[in-house]
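Subject: Structure handover

Hello,

Here is the structure for your files. My notes on what was found in it follow below.

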Amino acid sequence: MGGFDLFKTIRSDIQAVFDNDPAAKGWFEVVFTYSGLHAIWSHRIAHALYRRRWFVLARVISQVSRFFTGIEIHPGARIGKRLFIDHGMGVVIGETCEIGDDVVIYQGVTLGGSGKEKGKRHPTIGNNVVIGSGAKILGSFKVGDQSNVGANSVVLKEVPEDSTVVGIPGRVVKQGGKKTDRLNHQLPDPVIDSMRQLHLEVESLKQEIQELRQRLGEQDKMQ
């Protein structure tokens, strides 16, 4: 990577913070206090060394970064442009993981393997994907472009483009390409919504039964 390309990458990483975090107030604060940004820059160095087969030095850099940021990114992982890691504590990104451009990852996310594969073991994340806090994506499948993974979801199979995934295990809810708020990672769960609707219907039936009992009681008194 040439000096000009490196400068462009650094600028785009900083801009990704301003694009995705309304709390960011200035470049000085972002450069010196955002642990997610520090972890990404450390990884870019470690990955360059990893590609040159300087594996031990690459791992040392990734471990030092993990100590200071709480974010573990294996130097073998491939990360695209403008990745934004918000807060970041507890984020784990595996060796064969591939991440596209303009991805947002919140704290506690794991991009890991299922423990069964060899070779490509970790997920491929498409472009413009948002992964909510605490989500686990485990396996060597792809999460399609423009998709959203809800907080605390556990995703174990491929996700089509323009989809929302929620729940344990993750269930896909097609969004029909409708654009969602990138900063809102508390996505709707259709199962929970159904349970809430069922609860409302049960409460309505209880009310009707109570009213019927009252009318029957009044009729008995009149007789």
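Histidine 47 sits in helix α3 (residues 35-51); helices here are DSSP runs of H or I with at least four residues, strands are runs of E with at least two, and both are numbered from the N terminus. Its relative accessibility is 16%, so histidine 47 counts as buried. The classes are buried for under 20% relative accessible area, exposed for over 50%, and partly exposed in between, with a 1.4 Å probe and protein chains only. Leaving aside residues up to four places away in sequence, histidine 47 touches Pro75, Gly76, Ala77 and Arg78, where contact means heavy atoms within 4.5 Å.

Before the rest, the conventions: this is a predicted model, in which local features need pLDDT of at least 70 and side-chain atom pairs count only at pLDDT 80 or more, while totals for chains, interfaces and linings use all residues. Residues are numbered from 1 along each chain as its sequence is written, and side-chain values use heavy atoms, with hydrogens and water left out.

**The chain as a whole**

The protein chain has five helices and 15 strands. Of its 223 residues, 39% count as buried. Among contacts between residues at least 6 apart in sequence, 33% join residues at least 24 apart. The accessible surface comes to about 13,300 Å², with 56% of that belonging to carbon and sulfur atoms; areas are from the Shrake-Rupley method with a 1.4 Å probe, and for residues only the protein chains shown count as cover.

Five strands make an open sheet with parallel pairing, in the order β1-β4-β7-β10-β13. The edges are β1 (72-73) and β13 (154-155); each has a single partner strand, so one side of each lacks a neighbour in the sheet. Two strands pair if DSSP finds at least two bridges between them. Strand β4 (residues 92-93) and strand β7 (residues 110-112) pair over two bridges in the parallel sense, and isoleucine 93 stands opposite leucine 111 in β7.

**Nonpolar surface**

Trp54, Val56, Leu57, Val60, Val64, Phe67 and Phe68 make a nonpolar surface patch of about 810 Å². Phenylalanine 68 lies in helix α4 (residues 55-69) and counts as exposed because its relative accessibility is 64%.

**Backbone points to check**

Most residues other than glycine have a negative phi, and most peptide bonds are trans. The bond from isoleucine 168 to proline 169 is cis, with omega near -10°; proline 169 is in the loop between β14 (163-166) and β15 (171-174). Histidine 87, in the loop between β3 (84-85) and β4, has a positive phi near 65°. Asparagine 128, in the loop between β8 (124-125) and β9 (130-131), has a positive phi of about 60°.

Regards

Notes:
Patches are made of residues with over 30% relative accessible area and no salt bridge: like charges are joined within 9 Å, nonpolar side chains (Val, Leu, Ile, Met, Phe, Trp, Tyr) within 5 Å. A salt bridge is a side-chain nitrogen of Lys or Arg within 4 Å of a carboxyl oxygen of Asp or Glu.
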